[in-house]
Structures are given as structure tokens and as C-alpha cells.
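The following questions and answers go through one protein model for a reader who has not seen it before. Please keep the sequence and the structure in view while reading.

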Amino acid sequence: MAAGVFLFVAVNAACLAVSGNLVSGERSFSIDYKNNCFLKDEKPFQYISGSIHYSRIPRYYWKDRLVKMYMTGLNAIQVYVPWNFHEAVQGVHNFTGDRDLEHFLDLANQTGLLVILRPGPYICAEWEMGGLPAWLLQKPNIILRSADTDYVQAVSNWLAVLLPKMKPWLYINGGNIITVQVENEYGSYYACDYNYMRHLRTLFRFFLGEDTVLFTTDGNTDREMTCGTLEGLYATVDFGTANNITEAFKRQRRFEPRGPLVNSEFYTGWLDHWGDPHAVVDAQKVSRVLGEMLTMGANVNMYMFEGGTNFGYWNGADHDTRFRSVVTSYDYDAPLSEAGDPTEKLLAIRDVIKQFRDIPSGPMPPATPKFAYGFVTLKKVGNISGLLNTLSPLGPVKSQYPLTFEELKQYYGYMLYRTTLPRDLSEPTPLISPLNGVHDRAYVSVNGVYQGLLERDTTLVTNVTGQQGDIIDILVENMGRVNFGSKINDYKGLLSNLILGKDVLTDWKIYPLDIDGAIAAGWPHSDSQKSFPAPQKEPSFGPVFYMGTLEPNGLAWDTFLKLNEWTKGQVWINGMNLGRYWPARGPQQTLYVPGPLLRKNQPNRITVLELEGAPAHLRVLFMDRPQLNATAEKS
Ligand SMILES: CCCCNC(=S)N1C[C@H](O)[C@@H](O)[C@@H](O)[C@H]1CO
């Protein structure tokens with residue numbers, strides 16, 4: 001070890017065994033600024049933690065993942081609380097089923113895992129709008145993550161519900177939550193609003209008490225640490241394998257001269273956007289750098305340890321040079337795979353942890369069984385244009401100019417914008433969004449015949465032909481709201497007018513689409529006695545629904561759905577929205593299907609919305625392994 005590092009380690013080495021004067025049986029968790037460490041019940045404590053997001057794992061698999069993390073030798077887990085997962089509708093809170101946070105905390109407690117809680121209210125996390133509920137955008141000029149009064153009012157109301165639920169779970173109150181993070185990498189946000197952070201500190205202190213260890217996490221620059229930290233909140237940093245550890249912790253020391261070294265997000269992998277090559281991080285590098293940090297006595301949380309899945313519409317997006325939507329899989333090349341399978345990376349990490357603490361004896365629980373159920377051939381249900389009575393039962397909202405999703409109080413999924421052609425268009429005529437106002441993709445049909453698509457930032461024109469009075473349908477897809485940076489106030493739909501040739505399109509009928517509601521109510525399978533288009537096997541174009549049945553075989557094992565030669569769309573099985581598929585763009589080629597979602601002895605209902613083009617064979621394939629790193633050409 002280089003002399004410089006040795007000196008840094010010597011100076012910052014975690015505290016030696018000190019014994020406090022704890023009243024027997026009293027629990028405490030605090031910071032020892034003299035000896036640079038955490039104290040748990042007055043004894044030195046170094047956490048070795050991993051991030052796991054309950055919102056990305058079906059409830060029935062929570063225990064499986066937690067036990068594997070415990071058997072790896074972790075003594076803590078780190079958990080985000082996505083505000084929008086629990087308050088989809090303003091004022092209506094849901095903590096049941098897959099949202100039963102207290103059950104998750106209890107399972108962690110039973111498993112012997114402490115918890116580092118990160119309730120935000122903003123969490124980033126490649127999660128839809130960084131966890132903020134989209135209904136905040138109903139105030140047109142709201143300044144998110146600031147002292148904006150409407151934002152602060154909504155935040156205060158939310159934390160007044162969440163934090164009292166969390167207080168009994170604090171370690172000092174008999175639970176397993178040892179520390180609580182305030183906001184998330186606030187220093188990376190443009191606002192740098194100390195009044196906002198001070199308000200959050202007041203709220204967290206009010207609801208959680210004076211003894212709870214509150215902290216912040218920021219990325220590795222001085223600006224981030226300057227705007228992200230606040231007196232009374234312990235400043236921690238995050239960095240991955242590419243960073244210099246000594247430099248990173250020196251930056252933490254500039255803001256926390258004394259106290260434990262903490263890397264709150266040690267990146268074990270990375271995220272994928274549609275169209276990216278699949279991100280991977282070398283397992284040996286991860287385990288080596290982990291060992292170096294633990295040797296320094298640092299507290300480390302590995303982000304992610306178990307990534308899981310962005311089911312439904314929960315994926316987020318980034319917007320640096322352009323809008324880039326995050327894929328459905330949150331595998332993250334993490335030590336536990338998306339399906340919860342231990343990887344070589346996990347075993348390498350376990351070998352490192354063994355050098356620092358006893359790890360539980362006994363076998364690592366195996367991967368859950370996977371089954372290749374094989375091919376299912378679907379049949380066409382119909383075009384969206386022809387299904388509006390089912391999908392938009394309340395009918396359209398009429399407006400001279402387009403309205404956004406938020407104005408119609410529909411926050412996720414798809415919306416249909418309909419009007420008529422203002423004149424004959426015998427020649428292909430450009431349809432454009434001059435202000436780049438298509439958020440995020442628009443699929444254009446005339447009289448039900450698909451014409452082409454528009455895409456935010458990248459495809460701003462498509463050609464249309466038809467006759468005056470023909471019906472033009474524009475299906476707009478919300479691809480997930482930006483979760484990082486200044487563009488998180490990410491309105492969806494047609495944000496500005498569309499120009500067709502020299503005409504501004506007006507007099508819209510706008511159809512909110514409740515596809516998930518219709519499918520949950522049994523459509524289209526419950527209509528199976530109704531006649532559907534003849535099952536010709538022909539390629540089709542534009543937004544079309546298909547259905548099929550995976551016949552039961554007495555097994556309900558994990559499986560992976562591959563839509564080979566399909567283009568882009570959404571899948572539901574037995575009413576559950578599995579998320580988006582886009583093999584044409586990749587890198588993800590399969591969707592994770594959790595086994596317990598399937599029925600062993602009844603037909604499993606498959607519904608697919610293909611947005612662009614389905615193959616003539618109309619087949620989908622259930623495989624026994626994932627494929628996350630290929631584009632269609634290479635698959
Ligand atoms: C491409 C920009 C990514 C910005 N997010 C960053 S740096 N990250 C930090 C953030 O705190 C965490 O929630 C995750 O979002 C993580 C990336 O997985």
C-alpha cells in the first residue's frame with residue numbers, strides 16, 4: 001500500500017474497539033466523531049450494505065433476495081422509497097401488496113439485516129420522474145426540488161404520512177433502520193436551494209427525533225458537495241470503480257473532517273438506456289475496490305446489489321444531449337441478477353467480505369428454477385383506433401389545441417389524439433412538431449392505416465397522405481419521465497401544435513386510454529366469445545393489440561419472454577404489466593416473467609400492444625434464460 005494511502009488510512013482508520021457506558025438493553029446508533037466511525041449500541045460498527053428496491057421486485061420474492069444478501073455477508077441493505085409508487089393519486093396513499101414497505105422492513109429485520117432508508121422525497125434511481133409524482137406537474141411552472149410553496153406543501157403532506165410510519169422502525173426504537181438519507185444528490189441539481197434542504201431537515205427531525213443519524217449523499221465534485229450538504233446532515237459521497245478512492249474520501253473529509261468514511265453508492269454495474277450497449281462492470285475490479293475501502297474502515301453500500309425490474313411504466317429516463325429512456329430490466333449487472341440469481345460477482349464480493357467479518361454458515365440459496373415454456377402464437381385483437389369504446393369508455397376531451405397527459409390527469413402509458421385532415425393530401429405531406437413537442441413517441445395513422453412515427457429529439461417529421469376529412473389518429477406514448485437533472489419536470493403528450501403541410505392541426509378529440517384498467521377487468525380475453533379479425537398470419541403495422549394463451553403445465557417457474565422480430569410495445573400477463581419491449585433497438589431482448597405470476601392449472605392470459613410492426617408468424621417465445629445485451633440484428 002503506497003505511503004500516501006497508508007498515511008490516509010492511518011489517519012482515517014475506523015475507530016478501535018471502544019466501549020461506551022450504555023445502559024444494558026438500551027439501543028443506540030450514532031456517529032463517533034472522535035474515532036471516525038459509527039457506533040451501534042456504543043460499539044464500533046462498519047456497515048457493508050447493498051441497495052435493493054422493493055418497488056422493482058414482486059412481493060413474493062422479497063425474502064428470497066434478502067436471504068441471499070444476508071448469506072453474502074451483508075449486515076445492511078439500502079432502500080429507496082418512491083413517493084409516486086405510494087401516492088399515484090394526490091392524497092391517496094397505498095402501502096399494500098407490492099407497496100407494503102413495512103412488510104419489507106420486517107422481512108429484512110427477520111433476516112438479520114439493518115436498513116439505510118432513503119425516502120427522498122426525490123430519489124433519482126432511473127425511476128419515473130425520480131420518484132416524484134407526476135401530478136405535481138399540474139401546477140404549470142412548479143419548481144421541483146426547491147422551496148416552491150406548492151412543491152413544499154406536497155412534500156410536507158407526503159412526509160407527514162411516511163415518516164411517522166418509519167419512526168417505529170428506527171433501530172433506536174426497536175426496529176432496523178440505522179440511518180436516513182435526506183433528498184438525493186441534491187448538489188447535482190441546478191436549484192441549490194438551501195431553504196428547501198433546511199425545510200427537509202426540519203421535517204425529518206420533527207418526525208424522526210433528534211437522535212436519528214440523518215445524512216446526505218452527493219457525487220464526486222466540490223459543487224455537488226457544496227450544494228448537496230447541510231449542517232446537521234452527515235455528508236457522504238458516492239463513486240464507482242473508476243474513481244480514486246483516496247481522492248474521493250479526501251473530498252468527503254473536506255466536508256466532514258471527522259466521522260466515518262462512507263461511500264453510499266459504490267456502483268457494482270450501471271444502467272441501460274434503449275439503444276445503449278449493455279453496461280457491465282468487471283467483477284474483479286468491484287471486489288478489489290470494495291476490499292480497499294473496507295480496509296480503510298469505510299462504510300460501503302453497493303449500488304445495486306439486486307436491481308430487479310421496471311415493471312409497467314416505472315422506468316425513468318435521462319436527458320443529457322437528448323432524451324434517453326431507461327430499459328425495462330434493472331439488472332444493472334448487479335451481484336444478484338434481475339431474477340435474483342447469485343452471480344460470479346456476488347461470490348467474488350462474498351470472498352472479500354469474509355476477510356472483514358464472519359459470514360453466515362450454510363449454502364448460498366440457489367437461483368430460482370427457470371422454465372422454457374416454448375412458443376405461443378398470438379392472434380390479432382384489433383387496432384387501437386377501433387377499440388376506443390373499450391379503452392376510453394368516457395369518450396374524448398375536445399380541445400382546439402392539444403392538451404398534455406397531465407392536463408387530462410392521465411400520467412402514464414398512452415393517449416390518442418384524433419382530428420381530421422384539413423385538405424386533400426395526394427402527395428406525401430410532412431407532419432412536424434416544430435417545437436419538438438412530441439413527448440415522447442407518436443404513431444400516426446389515417447383512417448386506421450399506419451403512416452409513420454415521430455420521436456422526441458430524433459424524428460421530427462413524418463409524411464402523411466389522405467383526403468380532406470379523413471381521420472388522423474396520433475397515438476402518443478409516454479416513455480418515462482426524466483429522473484435526473486434539470487428536465488425532470490417532464491410533461492408528456494403533445495406539448496405544442498402539430499403542423500401538417502401548411503396547416504396547424506386543430507379541433508382535437510383527445511382520448512385518455514386506460515389500457516391497464518381494461519386488461520385488469522379481463523379484456524380482451526373475457527371477450528373471447530366475440531369475433532376477432534380472421535387469424536390471417538400477416539405482418540401488421542401501427543398500434544395493434546394481440547392476445548394469446550400460455551397453456552398451464554403444472555409449473556409456475558420464472559421464465560423470460562422473447563418477442564423475436566416484433567418491434568416495440570408493451571406486454572401484460574394475467575393482468576400484470578411486465579413493461580416495455582423494444583428488441584429492434586435493444587440491448588434488452590427478453591422480459592423477465594416472475595414464476596408466481598403464472599397459473600399452474602389455468603391458461604395464462606397474454607396481451608401484447610405492438611406499436612410499430614408485428615412479424616407474420618405472430619409467435620412469442622418463453623425461454624429459460626435472459627438476453628439483455630443484444631440488438632435485433634445480433635440476436
Ligand atoms: C446517466 C446519468 C445517471 C445519473 N444517476 C446517477 S449518477 N446515480 C446516482 C443516483 O443517486 C442513483 O439513484 C442512480 O440514479 C445512480 C445511477 O444508477
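**Questions on the model**

Q: What is the mean pLDDT of the protein?
A: This is a predicted model, in which local features need pLDDT of at least 70, side-chain atom pairs count only at pLDDT 80 or more, and totals for chains, interfaces and linings use all residues. Residues are numbered from 1 along each chain as its sequence is written, and side-chain values use heavy atoms, with hydrogens and water left out. pLDDT is the predictor's confidence in each residue, from 0 to 100. In this protein 94% of the residues reach 70 or more, and the mean is 95.

Q: How far apart are the end C-alpha atoms of residues 38-355?
A: Helices (H or I, at least four residues) and strands (E, at least two) are DSSP runs, numbered from the N terminus. The span is 31% helix and 18% strand. Its end C-alpha atoms are separated by 20 Å.

Q: Is Tyr 401 buried, partly exposed or exposed?
A: Tyr 401 lies in the loop between strand 16 (397-399) and strand 17 (414-420). Buried means under 20% relative accessible area, exposed over 50%, and partly exposed in between (1.4 Å probe, protein chains only). The relative accessible area of Tyr 401 is 40%, so the residue is partly exposed.

Q: Which residues does Ala 88 touch, not counting residues up to four places away in sequence?
A: Ala 88 sits in the loop between helix 3 (83-86) and helix 4. Its C-alpha atom is 8.9 Å from that of Tyr 411, although the two residues are 323 apart in sequence. Contact means heavy atoms within 4.5 Å. By that criterion Ala 88 touches Trp 135 and Tyr 411.
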